[in-house]
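I opened this notebook to record what I looked up in one structure. The entries follow the order in which I read it.

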Amino acid sequence: MAYDAGYGGRDYGGGYDDSYDDRPEFRDGFRDLQPPEPGFDSMNYVPDVVKSFVVYLYRHIREKNVYEIHQMYEGSFQKLSERLFKQSYWPAVEMIAPYVENDHVFCLLYKEMWFRHLYARLQPTLEQRCDSWDNYCNLFQVILHGNVNMQLPNQWLWDMVDEFIYQFQSFCQYRAKLKQRTDHELALLKQVDEVWNVIGVMNYLQALIEKSMILQILDEEKDGNVTFTATDGYDYHGGTNVLKVLGYFSIVGLLRVHCLLGDYQSGLRALSPIDINQPGVFNTVIGCQITTIYYYGFANLMLRRYLDAIKSFNQVLLYIFKTKQYHQRSSQYDQILKKNEQMYALLAICLSLCPHPKLVEENVNNLLREKYGEKMLRMQRSEEAIFDELFSFSCPKFITPSLPNYNEPLVNFNQDAYRLQLKLFLSEVRQQQLLSGIRSFLKLYTTISISKLASFMDVNEPTLRVALLMYKHKTHVINDDGSVLSNADVDFYVADDMVHIADTKVTKHFGDYFIQHISKFDEIINDLDQVQLE
């Protein structure tokens with residue numbers, strides 16, 4: 001088989017068939033394609049354009065032509081779906097198998113895309129949810145125990161892990177709405193208790209991590225012995241990237257699953273092999289990058305590690321601000337915008353509970369104040385309803401993975417996990433109600449007596465002492481290595497009924513300030529030059 005260097009913005013060379021672009025059905029964005037007539041049986045008929053699609057995709061996979069695979073996967077598949085299968089199924093795998101030599105692995109990959117299209121555009125039945133689970137099991141078993149000698153784009157490999165977890169999440173929500181289920185669905189649910197089981201899902205993710213030996217690869221990379229990140233996970237020596245990159249993305253997948261279950265400590269522990277502050281393979285796919293930072297930041301928020309959450313949200317929001325226009329044609333653009341809005345809401349919560357605005361870049365801060373400036377002021381006044389509103393909008397769709405008791409009266413419990421997490425979060429907010437008032441007074445003094453501070457806050461001295469101890473507790477967290485970290489913007493200690501405030505004055509970096517404004521001045525001059533030329 002011909003081998004190409006791999007995908008990642010590099011030059012590929014051979015393996016590309018010019019006749020593919022010359023076909024009229026693929027030229028100019030499929031302009032000659034017409035949508036099917038109403039009642040068209042898309043499952044049992046393969047249009048010529050779909051025959052060409054699967055034939056060429058199969059050929060490029062065999063040739064390891066990652067660039068062309070990516071073009072067909074991201075471009076052609078989406079365009080065909082929009083033109084021919086907007087509200088219908090793609091042809092069944094049995095119908096396209098003869099055109100790809102009945103290749104078992106390719107048929108599993110095709111079915112993975114088939115089910116993803118079904119979930120995105122139609123409403124899957126319970127039988128189809130079960131079939132999709134079986135297909136993922138078969139696909140992962142082949143990858144784990146077979147000899148899969150392929151190179152696939154990072155985008156596709158990330159989508160496999162992302163969709164696998166999404167369908168697990170969707171099934172848990174589906175099963176928890178018992179009142180909406182028919183007798184047939186209830187009878188089938190009782191028989192398929194192993195389908196989309198949380199232990200099975202996590203076992204597959206863990207198996208991909210262990211079999212790929214990705215943890216050892218990342219450790220060796222720190223010592224400079226391997227170049228996994230430098231090559232974006234691709235193998236330039238005729239090998240395969242599938243298992244290694246799936247193992248890498250499964251690390252992020254475990255973080256997401258743990259967060260959906262409300263186990264934030266385990267989620268951060270699972271992600272620890274990946275340093276999110278350094279370039280990594282997760283940066284090569286924007287969906288993966290956003291998912292990683294979103295769940296990492298949310299887990300830190302729930303564990304009161306506000307500084308880590310603020311830094312991570314600022315990092316990815318700045319990236320989206322700078323690159324959003326380049327992803328407008330992406331099939332994931334709507335999801336990028338949704339997660340962008342959610343992370344702004346989470347950042348507003350973090351800064352209201354732990355004011356550190358200097359950690360937020362100017363452009364991000366301007367947009368944040370534009371979107372949530374008023375609500376942040378109300379949160380700083382401890383208005384619980386605003387915390388409730390923003391948390392409900394921005395939190396993950398939590399799941400209850402346990403099997404229901406079908407012998408009891410049927411009730412919907414799909415919101416139980418969300419209500420529990422909201423209750424825990426609002427309980428934390430209530431505990432911190434006095435802290436914003438303490439913080440505002442401490443910023444005005446270098447020393448102040450307990451009695452005077454208590455009178456200012458309109459509380460008695462014992463209550464104030466408890467509040468000061470709570471301030472110390474809430475502004476200190478335990479790191480993964482067991483060390484204690486402070487996220488306080490104002491520090492103090494109490495001696496002889498006096499509160500002594502530590503000097504927390506931050507040194508201003510005038511150089512950064514001038515460099516930033518010089519850059520803005522250059523942009524203004526360039527804009528003026530363009531106007532004069534016109």
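**Entry 1: Trp133**

I began with Trp133, which sits in helix α6 (residues 126–145). Helices here are DSSP runs of H or I with at least four residues, strands are runs of E with at least two, and both are numbered from the N terminus. The model is predicted, so I note that local features need pLDDT of at least 70, side-chain atom pairs count only at pLDDT 80 or more, and totals for chains, interfaces and linings use all residues. Residues are numbered from 1 along each chain as its sequence is written, and side-chain values use heavy atoms, with hydrogens and water left out.

Is Trp133 buried or exposed? I found that Trp133 counts as buried because its relative accessibility is 7%. Buried means under 20% relative accessible area, exposed means over 50%, and partly exposed lies in between (1.4 Å probe, protein chains only).

I then listed what Trp133 touches, leaving out residues up to four places away in sequence: Phe164, Glu194, Val195, Trp196, Gly200, Val201 and Tyr204. Contact means heavy atoms within 4.5 Å. Trp133 and Phe164 are 31 residues apart in sequence, and their C-alpha atoms are 8.3 Å apart in space.

Not counting residues up to four places away in sequence, Trp156 touches Leu57, Ile61, Ile69, Tyr73, Leu109, Glu112, Met113 and Arg116.

**Entry 2: Helix α11**

How many residues of α11 are buried? I counted 18 of its 19 residues as buried, so that α11 is mostly covered. I checked its span as well: at 1.5 Å a residue, the 19 residues should span 27 Å, and the end C-alpha atoms are 26 Å apart, which agrees. The expected span is 1.5 Å times one less than the number of residues. Just after α11, Gly262 takes a positive phi of about 85 degrees.

**Entry 3: The sheet**

Three strands form an open, antiparallel sheet in the order β1-β5-β4. Two strands pair if DSSP finds at least two bridges between them.

Met498 in β5 is the bridge partner of Ala495. Helix α20 (residues 450–457) lies across β1, β4 and β5, and runs at about 80 degrees to β1. For such angles, axes are lines fitted to C-alpha atoms, for helices over the stretch in contact, and the values run from 0 to 180 degrees between N-to-C directions.

**Entry 4: Gln433 and the whole chain**

I found Gln433 in the loop between α18 (416–431) and α19 (435–442). Gln433 counts as partly exposed because its relative accessibility is 40%.

Finally, I recorded that the protein chain has 22 helices and five strands. Buried residues make up 50% of its 534 residues.
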